[in-house]
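Reader: I would like a close look at one part of this protein. Please walk me through the side-chain links that hold one stretch of chain against another.

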Amino acid sequence: MTKLRLIFLLPALLIAALSGCVPAVSPDVAAGPPISKQQAEQARLAVDRLVRVTTRMEPVIEAECRAFSLQRNCDYRLVVDDRVELPPNAFQTVDRRGRPVIGVTLAMIAEVNSDDELAFVLGHEAAHHIAGHIAQRERDAQKGATLLGMMVQAQGADARTVQEARRAGAELGSRLYAQDYELEADRLGTIITWDAGYNPLKGAAFFKRLPEPSQTVLGTHPANALRLDVVRKTVAELKSGTLKGHDLVPTLGLSG
């Protein structure tokens, strides 16, 4: 079985960064003022949580991924972004070889209050890859670029204006179903978190501490209350036995 590989930072830099005491520095530069024993202990516990939860989540994430598609690359890689100025954040992308990558910032590691919350964050990001959301948003962007470009071109616009319209169309297209994809990832992330033995309801409590996203038509994230509602409904289905872990994406039906 492949492993959800974790990229570690230098311990001293990681501890200092988690405590928020120093700016980002290169490994050969002094790390600034010493941190307290309490801060060092908090950082150690945060790193221990990351390793513990990652180890437990890895086989479940891989199993869910492979259950959905034998062709999809399910060899996940977890990276820690060590830029201390970044806010709490997690993201999913793919590397040049098509390998799925889950990234978390130092602030995110420090922000989560429980193993359940971290598990839910990892499950949510893993779900984006399983559901193929990057490819879907790329297709949405291409459709938007083509449509708006053709409309402007039909009006006799010059090549530069058409190109600008295509860029604008791509941006609009990529955002059109973004909220649906987030809700799909919340639902599938709930299933993954549940199957790993964590409590998705406690994990989704993280939403309650997030700023409310701007509720515009083309906003990329839905309202926090709506996301929590998706988690609650999914957990209710899991408890009742009407939804099984490996039912996965075909049961989601959120973005059509």
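What follows is an account of those links, one group at a time.

Author: A word of caution comes before the details. This is a predicted model. Every distance and angle below was computed from that predicted model.

Start with helix 4, residues 115-130. It has 16 residues. From its first C-alpha to its last it reaches 22 Å, close to the 22 Å expected at 1.5 Å a residue. Helix 4 is mostly covered, with 16 of its 16 residues buried.

Now take the charged link at Asp115. Arg49 and Asp115 form a salt bridge through their side chains, with an N to O distance of 2.9 Å. This pair joins distant parts of the chain: Arg49 sits in helix 2 (residues 37-68) and Asp115 in helix 4, 66 residues apart. Across the structure, the count of salt bridges comes to nine.

How many aromatic pairs does the structure hold? It holds one. The ring centres of Phe120 and Phe207 are 5.7 Å apart and the ring planes stand at 90°, so this pair is edge-to-face. Here too, distant parts of the chain are linked: Phe120 belongs to helix 4, while Phe207 lies in the loop between helix 8 (200-203) and helix 9 (224-240). The two are 87 residues apart. Is Phe120 buried or exposed? Phe120 counts as buried because its relative accessibility is 3%, and the cut-off for buried is under 20%. Phe207 is buried as well, with a relative accessible area of 5%.

Gln92 is found in strand 3 (residues 90-94). At 13% relative accessibility, Gln92 counts as buried. Setting aside its neighbours within four places in sequence, Gln92 is in contact with Pro100, Val101, Glu125, His128, His129 and Ile134. Helix 4 spans residues 115-130, and helix 5 spans residues 133-154.

Buried residues in helix 5 include His133, Gln136, Asp140 and Ala141. Gly144, Ala145, Gly149 and Val152 of helix 5 are also buried. Just after helix 5, Gly156 takes a positive phi of about 85°.

Next, the loop that holds Arg99. Arg99 is found in the loop between strand 3 and strand 4 (100-105). With a relative accessible area of 16%, Arg99 is buried. Its side chain reaches the backbone oxygen of Asp75 at 2.8 Å. The C-alpha atoms of Arg99 and Tyr76 are separated by 6.5 Å, though these residues are 23 apart along the chain. The side chains of Asp75 and Arg99 also meet in a salt bridge, at 3.7 Å from N to O. Asp75 lies in the loop between helix 2 and strand 2 (77-81) and Arg99 in the loop between strand 3 and strand 4, so the pair ties together parts that are 24 residues apart in sequence. Asp75 is buried, like Arg99.

The disulfide comes next. A search of the whole structure finds one disulfide. Cys65 and Cys74 form it, with their sulfur atoms 2.1 Å apart. The angle about the S-S bond is -80°, and the link of Cys65 and Cys74 is left-handed. Both cysteines, Cys65 and Cys74, are buried.

One more charged pair belongs to helix 2. Glu62 forms a salt bridge with Arg66, and their closest N and O atoms are 3.1 Å apart. Glu62 and Arg66 are four residues apart in helix 2, so about one helical turn separates them. What is the relative accessible area of Glu62? It is 8%, so Glu62 is buried. Arg66 counts as partly exposed, at 34% relative accessibility.

Conventions
Residues are numbered from 1 along each chain as its sequence is written. This is a predicted model: local features need pLDDT of at least 70, side-chain atom pairs count only at pLDDT 80 or more; totals for chains, interfaces and linings use all residues. Side-chain values use heavy atoms; hydrogens and water are left out. A disulfide is a pair of cysteine sulfur atoms within 2.5 Å. Buried means under 20% relative accessible area, exposed over 50%, partly exposed in between (1.4 Å probe, protein chains only). Contact means heavy atoms within 4.5 Å. A polar contact is a pair of N or O atoms within 3.5 Å; within protein, one must be able to donate a hydrogen and the other to accept it, and residues adjacent in sequence count only if both atoms are side-chain atoms. The expected span of a helix is 1.5 Å times one less than its number of residues. A salt bridge is a side-chain nitrogen of Lys or Arg within 4 Å of a carboxyl oxygen of Asp or Glu. Rings of Phe, Tyr and Trp (its six-membered ring) pair if their centres lie within 6.5 Å; planes under 30 degrees apart count as stacked, over 60 as edge-to-face and the rest as tilted.
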